There are 2 protein chains.
Amino acid sequence: MEIVRDPLELQRMCATWRREGLRLGFVPTMGYFHAGHLALMDAARAQSDRLVVSLFVNPSQFGPGEDLAAYPRDLERDSRLAAERGAAVLFVPDPEAMYRGPDVWVDVPQVAAHLCGASRPGHFRGVATVVAKLLLLAQPHVAVFGEKDRQQLAVIRAMARQLFLPVEIAGHPIVREADGLAMSSRNVYLTPGERAAAPAIHRGLLRVRDWLLAGERHCAALAGRLREFYAAELPEGRIDYAEFVHPETMTPVAEIDAPVVLAVAVRLGKARLIDNVLLES
Amino acid sequence: MEIVRDPLELQRMCATWRREGLRLGFVPTMGYFHAGHLALMDAARAQSDRLVVSLFVNPSQFGPGEDLAAYPRDLERDSRLAAERGAAVLFVPDPEAMYRGPDVWVDVPQVAAHLCGASRPGHFRGVATVVAKLLLLAQPHVAVFGEKDRQQLAVIRAMARQLFLPVEIAGHPIVREADGLAMSSRNVYLTPGERAAAPAIHRGLLRVRDWLLAGERHCAALAGRLREFYAAELPEGRIDYAEFVHPETMTPVAEIDAPVVLAVAVRLGKARLIDNVLLES
């Protein structure tokens, strides 16, 4: 596996592979790999001849006061893991190489208006911008994103569709710990006590699915019962949001008569954890 | 010459040409061709094996109250002219095909902050967005833009550079009528009297060049003398702006000690005319 730092070198390398008729798979990451990342790499590798993985802690998607400086990093371990998953290249650019000249942003106002976009202004503009750049550098046939970041996936799908990027944006099911907690690099911020309580986030989502199956289709009612569940089962958590939204536009829906995403963000100690579930009517 | 309306058909066609090793030249336009457009086509054709021309009156770059509905159109004549200049394909998409799904914008705040960007809020966001889409569809090796729209050229260069679009953005010198008026589709809005007066716009720019050669390097002084010139020579014109800016960032400069663009916009009757000149120190 080769480590590439220069964006234009990556672009030349991938253009050559494309010209040779090879199929390229791509997984963009911020590093500090856990089993979720490795599952994305396996999925992309299975659909391609060359797997490209990027590791870039993108400054523009962090707000002031967020954890950019503290974001966990371990390039040596990540390199070993990516090589083990069959990556042909690990792209590790410097921020200065990714942002050069007068500023240009890819903005996705509708999809970014709610959920994490509301709590983290500018976050999805940073995500859409850097992912557009990465896709234009790596020129993959397929790029794989985790469904844990469901709004991010919707942002990237809207961006790729509107900009006519000739790439398949594939979602990969959330990878969970044995007790149901969605895997996240930010889980390392949890104390042992918080870690023990955190699976309640996912249990709440499963409860909502049960209530829906039992006939409750009104989102306001379901959200009320979910908040009660969290108040009882996860009293130390502060709910940032718990919203029912359209899977493509991420705008709120009132009733479940087509597939709907229930997305939650919960602050637990120093961590802000997100999870979601797709609810079929 | 083939007329293509479906964006994805254009993308497939151009991808095939690229795979065959052909060099693609591209000229995006809003149609109603004059000699300026034809010069861009000739320049692009001279550097390529296949010339792609697009004709799209892009709604998102017109503000409320601007001339979107009234913008002059003549597809039959334009088709004939493009074919005569050797275009292989004329791309004429419907607005609905170019904007599909949740909205996504390419924003270039710094380069768009002054000049036309200040008078026409949202204009360059519309330009950058549609040109990004067109470049991703046509996948040209070189795209040619007129230097009359100097800020547009700077916007597109910044966009292509930041997004790592693998395309050369070539500027083409302003094509002028015999009396110096910069060619523009909007010149048709001028009455005969306004048309006779309009070349004063360009003469003013040449005067500034003379004053600079004579030793005046302060932009405020030069701008003051230019406004006096227009007050005397073009009393019916209302100056939207007359600014000295950095050629890449389009931000104002105070003194000319490196190449600087002097850009003006003048309202004359129903038309808003722009012109500019590159001043070397």
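**Figure 1. Strand pairing between E5(A) and E5(B) across the two chains.** In this predicted model, strand E5 (residues 105-107) of chain A and E5(B) run antiparallel and are joined by three bridges. Asp107(A) has Trp105(B) as its bridge partner in E5(B). Strands pair if DSSP finds at least two bridges between them. Helices (H or I, at least four residues) and strands (E, at least two) are DSSP runs, numbered from the N terminus. Residues are numbered from 1 along each chain as its sequence is written, and chains are lettered from A and ligands numbered from 1 in the order in which they are written. Because the model is predicted, local features need pLDDT of at least 70 and side-chain atom pairs count only at pLDDT 80 or more, whereas totals for chains, interfaces and linings use all residues.

**Figure 2. Relation of chain B to chain A.** Chain B is superposed on chain A by a rotation of 180° with 0.0 Å of shift along its axis, at an RMSD of 0.0 Å. The two copies are therefore related as by a two-fold rotation axis. Val106(B) has the C-alpha nearest the axis in chain B, at 2.3 Å from it. The superposition is by least squares on the C-alpha atoms of residues with pLDDT of at least 70 in both copies.

**Figure 3. The contact between chain A and chain B.** The contact takes 28 residues from chain B and 28 residues from chain A. Helix H1 (7-19), strand E5 (105-107), helix H6 (123-138) and helix H7 (150-162) of chain B are the elements that give two or more residues to the side of chain B that touches chain A. By class, this side of chain B has 17 nonpolar, five polar and six charged residues. Ala, Val, Leu, Ile, Met, Phe, Trp, Tyr, Cys and Pro count as nonpolar, Asp, Glu, Lys and Arg as charged, and the others, Gly among them, as polar. The copies meet through the same surface, because 100% of the interface residues of chain B are also interface residues in chain A. Residues are in contact if their C-beta atoms, placed from the backbone, lie within 7 Å.

Figure 4. Six strands of chain B form an open sheet in the order E1-E4-E3-E2-E6-E7, with parallel pairing. Strand E1 (2-4) and E7 of chain B stand at the edges with a single partner strand each, so one side of each has no neighbour in the sheet. On average, neighbouring strands of this sheet are turned by 25° against each other, direction ignored. Within the sheet, strand E2 (residues 24-29) and strand E3 (residues 50-55) of chain B pair in the parallel sense over six bridges, and Pro28(B) has Ser54(B) as its bridge partner in E3(B). H6(B) packs on the sheet, where it touches E2, E3 and E6 of chain B, and its direction makes about 150° with that of E2(B). H7(B) also packs on the sheet, touching E6 and E7 of chain B, and its direction makes about 170° with that of E7(B). Axes are lines fitted to C-alpha atoms, for helices over the stretch in contact, and angles run from 0 to 180 degrees between N-to-C directions.

Figure 5. Strand E6 (residues 142-146) of chain B pairs with E7(B) in the parallel sense over five bridges. The bridge partner of Val142(B) in E7(B) is Glu168(B). A residue is buried if 20 or more other C-beta atoms lie within 10 Å of its own, exposed if 12 or fewer, and partly exposed in between, with C-beta atoms placed from the backbone.

**Figure 6. Residues with positive phi in the two chains.** Phe164(A) is not a glycine, although its phi is positive, at about 60°. Phe164(A) lies in the loop between helix H7 (150-162) and strand E7 (168-172) of chain A, and it counts as buried because it has 20 C-beta neighbours inside 10 Å. Leu115(B), also a residue other than glycine, has a positive phi near 50°. Leu115(B) is placed in helix H5 (residues 115-119) of chain B and, with 27 C-beta neighbours inside 10 Å, counts as buried.

Notes: Two residues are in contact if their C-beta atoms, placed from the backbone, lie within 7 Å.
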